[in-house]
Amino acid sequence: MENVWKKYTKADEEKITSLTEEYKKFLNLGKTERECCEEIIKKAEAKGFKKLDDYLLKNIPLKTGDKIYVNNMNKAIALFIIGKDKITNGMNILGAHIDSPRLDLKATPLYEESELAYFDTHYYGGIKKYQWVALPLALHGVIVKKDGTKVTVKIGEEPTEPVLGITDLLPHLASEQMKKEASKVIEGEDLDVLIGSKPLTITKDKDKNLVKENILHILQEKYAITEADFLSAELEIVPAGGARDFGLDKSMIMAYGQDDRVCAFTSLEAFLNSKVSSKTLSCILVDKEEIGSVGATGMYSQFYKNTITEICILMQETLPNATNRVLQNSKMLSSDVNSAYDPLYASVSDKRSASYLNKGLVFCKYTGSRGKSGSNDANCEYLALLRKIMDDNDVSFQISELGKIDAGGGGTIAYILANENVEVVDCGIGILNMHAPWEISAKADIYEVYKGYIAFLENA
Ligand code: MN
Ligand code: MN
């Protein structure tokens, strides 16, 4: 496996720059699953995609070349380009997830202690809690009032806006803290975000927590919300600031949420730039992967299957098992990030089965830990087809496992589609710092995976 930079022409390098500049914009606009979903819809509509509902409500039949999407609760989305063949001959599907580890505000988050105001949080996904202290944080999300009005919140991204944060103990007084194991250095209940220190001065009410009252006053002025409105809110604390080039050679990108928006972005771009094909093409971007793909907006939801059934109806596919036939004849690249080999942590990887930065698209035949537990183990016949497609289209790829056999493991959405009898393999790119507030990807891998997705959609 060669470093892919060695094969690039000037034209390739220009394409890498334009693709990754667009990627950084996507990351900055979509720091939550809702923001991502909104951005995906904007991109799709700009390319002529229409809501499936527009067809369903008027019972308009679907035909070759129609481009449609379904927005599931503003947190997951499925897109389709109707092909020339019968849809029951199967689709070529790209899938990824758009949720990322973060801190969610609790339902009653606001409190005051010793004249400091805080937001209480509950972390989402697998984080190393000690990584989330002493760094600038931003607040993103929505608050829905009892009358249904939705207030969108985004604070901490513009240079003129304040940032928030979680305090850490000074080293001078940390002798006891430093003896604790890393999972206990900062505990879940201590991930409380400092948000204010100034009392409300327009009242002299001594019984009240005036710093908290002042925060409520600010929120009332800015968003017209009361404390009770936090009961129906989804507010997420994420690292403040945008995606940046990384390395003196600018060969990498450091950003929040690259797991798995790097695969979501590249899947979407490849899909939106695809021509109408013989097969129907689909792109499914889902929520809740980081907590096990559960819930209405996760991959376990009936949403995708229901959507396929509705498409079958609009294509006059009337067999009762039409949806199952679509799925069992479909091929899928289920994309998620892989742990790229890190020389500083060499002991957790088997060097010959690891993925590496700058070596292109990563196929992961199976994930899972120990005896491949819980894994989708892709069929070798399918891998043979994918090898040919990648080689024929000059896409650099590597096959890897996620770490040493007994070192741990991780899940993806692949096995859920595999349960529907879809021919599916895990793929994606390797990144460093996975699940840290700031993750690192390599630009050349983003380009290779994008080319790989196009080759798959056109040839699988
Ligand atoms: Mn992931
Ligand atoms: Mn993850």
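How many residues has helix H11, and how far does it reach from its first C-alpha to its last? Helix H11 (residues 443–459) has 17 residues and reaches 25 Å, close to the 24 Å expected at 1.5 Å a residue. The expected span is 1.5 Å times one less than the number of residues. Helices (DSSP runs of H or I, at least four residues) and strands (runs of E, at least two) are numbered from the N terminus.

This is a predicted model, in which local features need pLDDT of at least 70 and side-chain atom pairs count only at pLDDT 80 or more, while totals for chains, interfaces and linings use all residues. Residues are numbered from 1 along each chain as its sequence is written, chains are lettered from A and ligands numbered from 1 in the order in which they are written, and side-chain values use heavy atoms, with hydrogens and water left out.

**Helices and cores**

Of the 17 residues of H11, 14 are buried, so the helix is largely enclosed by the rest of the structure. Buried means under 20% relative accessible area, exposed over 50%, and partly exposed in between (1.4 Å probe, protein chains only).

The largest nonpolar core has 60 residues, and those touching the most other members are Ile40, Leu79, Phe271, Leu285, Leu333, Phe363 and Phe456. H11 gives the most to this core, with nine residues. Apart from it lies another core, of 34 residues, with Ala138, Leu164, Ile166 and Tyr223 among them. A nonpolar core is a set of buried Ala, Val, Leu, Ile, Met, Phe, Trp, Tyr and Cys residues joined through side-chain atoms within 4.5 Å. Leaving out residues up to four places away in sequence, Leu285 touches Ile40, Ala76, Ile77, Ala96, Ile98, Ala264 and Leu268; contact means heavy atoms within 4.5 Å.

The twelve residues of helix H7 should span 16 Å at 1.5 Å a residue, and the 17 Å between its end C-alpha atoms agrees. Buried residues in H7 are Phe303, Tyr304, Thr307, Ile308, Ile311, Cys312 and Leu314. After H7 comes Gln316, with a positive phi near 60°. At 54% relative accessibility, Gln316 counts as exposed.

**The sheet**

Nine strands form an open sheet of mixed pairing, in the order S1-S2-S3-S13-S4-S14-S18-S16-S17. Strand S1 (50–51) and S17 stand at the edges with a single partner strand each, so one side of each is left without a neighbour in the sheet. Two strands pair if DSSP finds at least two bridges between them.

Strand S16 (residues 361–364) is covered on both faces: Leu361 and Phe363 on one side, and Val362 and Cys364 on the other, are all buried. Three bridges join S16 to strand S17 (residues 397–399), running parallel, and Leu361 has Phe397 as its bridge partner there. Three bridges also join S16 to strand S18 (residues 423–428), running antiparallel, and in S18 the partner of Cys364 is Asp426.

Asn72 lies in strand S2 (residues 67–72) and counts as buried at 9% relative accessibility. Its side chain reaches the backbone oxygen of Ala296 at 2.9 Å.

**The metal sites**

| Ion | Donors | Distances |
|---|---|---|
| Manganese ion (ligand 1) | His97 (NE2), Asp259 (OD), Asp336 (OD), Asp336 (OD) | 2.1 to 2.6 Å |
| Manganese ion (ligand 2) | Asp259 (OD), Glu290 (OE), Glu290 (OE), His435 (NE2) | 2.1 to 2.6 Å |

Donors are N, O and S atoms within 2.8 Å of the metal (3.2 Å for Na, K and Ca); water is not among the atoms, so sites may look incomplete.

The manganese ion (ligand 1) and the manganese ion (ligand 2) lie 3.2 Å apart, and Asp259 coordinates both. The pair His97, in strand S4 (residues 91–97), and Asp336, in the loop between strand S14 (331–335) and strand S15 (338–339), links distant parts of the chain, 239 residues apart. His97 counts as buried at 1% relative accessibility, and Asp336 counts as buried at 8%.

The donors of the manganese ion (ligand 2) follow the spacing D-x30-E-x144-H. Glu290 lies in the loop between strand S13 (280–286) and helix H7 (303–314), and His435 in the loop between strand S19 (430–431) and strand S20 (439–442), so the pair ties together parts that are 145 residues apart in sequence. Both Glu290 and His435 are buried.

A cis peptide bond, with omega about 10°, joins Asp259 and Asp260. Asp260 has its place in helix H6 (residues 258–272).

Technical notes
Polar contact = N/O pair within 3.5 Å; in protein donor to acceptor, adjacent residues only side chain to side chain.
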